[in-house]
Amino acid sequence: MSPVGPALLAHGVGSQHDLPISPFYAFAGAFAALFVSFLALGLLWSASRFRGDRSGIALPAAVERAVDARAVRLVLRGLGLAAALFVALHLVLGPDDPERNPAPGSVYVLFWVGLVPASLLLGPIWRLMNPLRTVHRLLQRAALGARRGAGRTDRIPPARLGLWPAAAGLLAFTWLELAAPEPASRTTLLVFLGCYAVLHLVAAARYGEGWFARGDAFEAYSTLVARLSPWGRRRDGRLVLRNPLHGLDATERVPGLVAVVCVMLGSTAYDGFSDAPSWITTVQTSPLGRTTTATLGLCGAVALVAALYALCAGVTRFLGGAEHPLGDFAHSLVPIALGYLVAHYFTLLLTEGPRTLALAAGADRPVAPEPPLSPGGLAVLQVVAIVSGHVLGVVAAHDRSVRLFPAAKAVAGQLPMLALMIAYTLGGLTLLIA
């Protein structure tokens, strides 16, 4: 990834196609890790072990009271609102130069990329900081005055909507980042974020505050990543420390879940592929123009990921001898998406992040620090992140398979998902080192 400038803040490591690592060893190691994991699970893991939101060791009551304290919630809401106002002011009044304006870096790096480690470490943190929730509550209070129940509503979004609005919002934002003509432009960002805020505030006024959990792309994204956090809520509401795979197993199967995960995977895959010289040439020479070609590439990547998942999930149901919703195995793609995100954006956060903070503090054209790892170390980190994500995906899919299917068909039923994991792994590694 080049420094912030006219080009979009998209790639975590710049040119990734000459990393100092042998393709043979990378592919062989990845295949061996997945295949050995599959064999070990088939032999040693014959019954479901994950307990979802029934699992976890309850933290001391004092810790839970501190986390749930009203003062803590107010501080987090205040920080989220202050950050949103900071970005808005710089988009309205700041220079239209990404190297001098901290707003683009704040949106694409500190927020978009930083939301992943924040959600992993702290849980679904954006639910507490979401400035749209705060503005919605303030508007409700202003409209209802001091009447009891101000800011509340019993209305809820239709169940059939599920996470589809969040999937659409996620695709729109990744389009802005990866395909829009001038993604770092002050005007582009201001129009997009302004329209996004108005749309969701209107929807929340119609359906209530519960809209944000399902409709807001960033809140749904943070919540999904936080499924792999060691912290979570048990079914009884207690704050617990738990195995992240138990939290992943608790992922709610709702309409649109598959779409959200496929957008996460497909957009990150396109991000990596868009750096390939062959694709750059295609975009630059396409008679359709850069934006249209990039849009088709992004949508094609998402559609390919979704088609492969749908095909393998359908074959899994056929071999397992039972009918189950398409989203039964969608949770197993979350660690894969997380591995891709770490591989593609790790360096971006650690180089452009400090640079953006320096800009926000008033520095004039600060220089991004050098990457914290050598090229060889970075290559190893990327491969390990991708392979680890796929191994965790195999574990999650196997546990769900032995729960859903008869014992005699459980292993055979997950063969298509193993094939899917291998295909995704080969694709991810190819984007890094081919």
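By class, 13 nonpolar, 3 polar and 7 charged residues line the second largest pocket. Here Ala, Val, Leu, Ile, Met, Phe, Trp, Tyr, Cys and Pro count as nonpolar, Asp, Glu, Lys and Arg as charged, and the others, Gly among them, as polar. The model is predicted, so to speak of local features takes pLDDT of at least 70 and side-chain atom pairs need pLDDT 80 or more, while totals for chains, interfaces and linings use all residues. Residues are numbered from 1 along each chain as its sequence is written, and side-chain values use heavy atoms, without hydrogens and water.

**Two pockets**

A pocket is found on a 1 Å grid over the protein atoms alone: an open set of points where a 1.4 Å probe fits, with protein on both sides within 12 Å along at least five of seven lines. Lining residues have an atom within 4 Å of a point. The volume is the space filled by probe spheres set on the points, which are joined across faces, edges and corners.

| Largest | about 930 Å³ | 35 residues | Ala83, Ala84, Val87, Trp126, Pro131 |

Which helix gives the most to the lining of the largest pocket? Helix H3 does, with 10 residues. Helices (H or I, at least four residues) and strands (E, at least two) are DSSP runs, numbered from the N terminus. The lining of the largest pocket divides into 29 nonpolar, 5 polar and 1 charged. For the second largest pocket, H2 (61-67), H3, H5, H6 and strand S2 (231-233) each supply at least two lining residues.

**A helix crossing**

H4 (residues 102-111) and H16 (residues 334-360) have axes that come within 9 Å and cross at roughly 145°. Axes are lines fitted to C-alpha atoms, for helices over the stretch in contact, and angles run from 0 to 180 degrees between N-to-C directions. In H4, Pro102, Gly105, Ser106, Val109 and Leu110 meet residues of H16, including Leu348, Glu352 and Ala360. Contact means heavy atoms within 4.5 Å. The contact residues divide into 8 nonpolar, 4 polar and 1 charged.

**Aromatic pairs**

The whole structure holds 15 aromatic pairs. Rings of Phe, Tyr and Trp (its six-membered ring) pair if their centres lie within 6.5 Å; planes under 30 degrees apart count as stacked, over 60 as edge-to-face and the rest as tilted. Why is the pair of Phe192 and Tyr196 stacked? Their ring centres are 6.2 Å apart and their planes lie at 25°, so the pair is stacked. Both residues lie in helix H9, 4 residues apart, about one turn of the helix.
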